[in-house]
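Hi everyone, thanks for making time this morning. Have a look at it first, and then we'll go through it.

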Amino acid sequence: MAYRKTPAVQSRLDAAREHLVEQATSVVAEVGWANASVTAVAAAAGMSVGSVYQHFPSKGALAVEVFRRASGREVEVLGEVLRDGSGDPVERLALGVGVFARRAMERRGLAHALLAAPAEPAVGSERMEFRRRYREVFAEVIREGIAGGQLPAQDPDVTAAALTGAIGEVLVDPLSAPAAGDAAEHLVTELVAMSLRCAGAPPAG
């Protein structure tokens, strides 16, 4: 008869896996993907290297899980703002870009890892998938703005792709070096203004 884990055992395994992913995320944020070795993650999590491999078959599999969770949360937050339903879509677009940029600037190491840092090939594939998800949420609010007359006629998918690429490109260099609070806020303001121009909206008030 095959061994079946008891609920208590499964709960402990799940908790250990969660802890491992949390610590791996912290290590990636601090040293990047390339230096986030299984040994370093295991040390941060307070477990043996062998225990790490009990939860993930490879470093790449662990990296993918870290990326999916962290990027998934950012897409979720952006989607909550853009799909809120209150205010007009242009206001939500400006607010969404500002929230995304400020969150990135608050956790620079992790944001840089998610957006641009060299990583396992599997993480590169995940980046492409999450860019698609970002484009989808931007396209939704742009379609809403066009339908409501707040934005000019345009191809929402093209504008959404341009926004997704431009926002990431603008943030990459600032994320790799510390910046003063005023400089960071100026960057966010300019990024929001650029995003509104890209969509054909008037500047934010």
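Let's start at the interface of domain 1 and domain 2, where two residue pairs are found in polar contact, both at pLDDT 80 or more. I mention pLDDT because this is a predicted model, so please keep that in mind throughout.

Across that interface there are also two salt bridges. While you have the structure up, find Arg 17 and Glu 65: their side chains meet in a salt bridge, with 3.9 Å from N to O.

Now, where do the domain bounds fall? The assignment puts domain 1 at 7-56 and domain 2 at 64-198. Ten residues of domain 1 and 13 residues of domain 2 take part in the contact. Their C-alpha centres are 28 Å apart. As for the area buried between domain 1 and domain 2, we get about 940 Å², and carbon and sulfur atoms account for 70% of that.

That brings me to the nonpolar side of the story. In soluble globular proteins, nonpolar side chains tend to be buried together. Here, the largest nonpolar core has 59 residues, and Leu 20, Trp 33, Leu 62, Leu 93, Phe 138, Ile 167 and Leu 171 are those with the most contacts inside it. Several helices give two or more residues to this core, among them H1 (7-35), H5 (89-106), H7 (121-148) and H8 (156-175). Which helix gives the largest share? That would be H4, with nine residues. And because domain 1 (7-56) and domain 2 (64-198) both contribute residues, this core lies between them.

Let's zoom in on one member, Ile 167. Setting aside neighbours within four places in sequence, Ile 167 is in contact with Val 97, Phe 100, Phe 138, Leu 191, Met 194 and Ser 195.

Two more residues before I stop. Thr 25 sits in helix H1. Is Thr 25 buried or exposed? Its relative accessibility is 14%, so Thr 25 counts as buried. Again leaving out neighbours within four places in sequence, Thr 25 is in contact with Val 66 and Leu 110.

Then there's Gly 124, in helix H7. At 28% relative accessibility, Gly 124 counts as partly exposed, since that class runs between the 20% and 50% cut-offs. If you'd like a sense of distance, Gly 124 and Ala 8 are 116 residues apart in sequence and 36 Å apart in space, C-alpha to C-alpha.

That's my tour, and I'm happy to take questions.

Conventions:
Residues numbered from 1 in each chain as written. Heavy atoms only, no water. Core = buried A, V, L, I, M, F, W, Y, C linked by side-chain atoms within 4.5 Å. Buried < 20%, exposed > 50% of the residue type's maximum accessible area, 1.4 Å probe, protein only. Helix = DSSP H or I, 4+ residues; strand = E, 2+ residues; numbered from the N terminus. Domains from an automatic or database assignment. Contact = heavy atoms within 4.5 Å. Buried area = accessible area lost by both parts, 1.4 Å probe. Salt bridge = Lys/Arg side-chain N within 4 Å of Asp/Glu carboxyl O. Polar contact = N/O pair within 3.5 Å; in protein donor to acceptor, adjacent residues only side chain to side chain.
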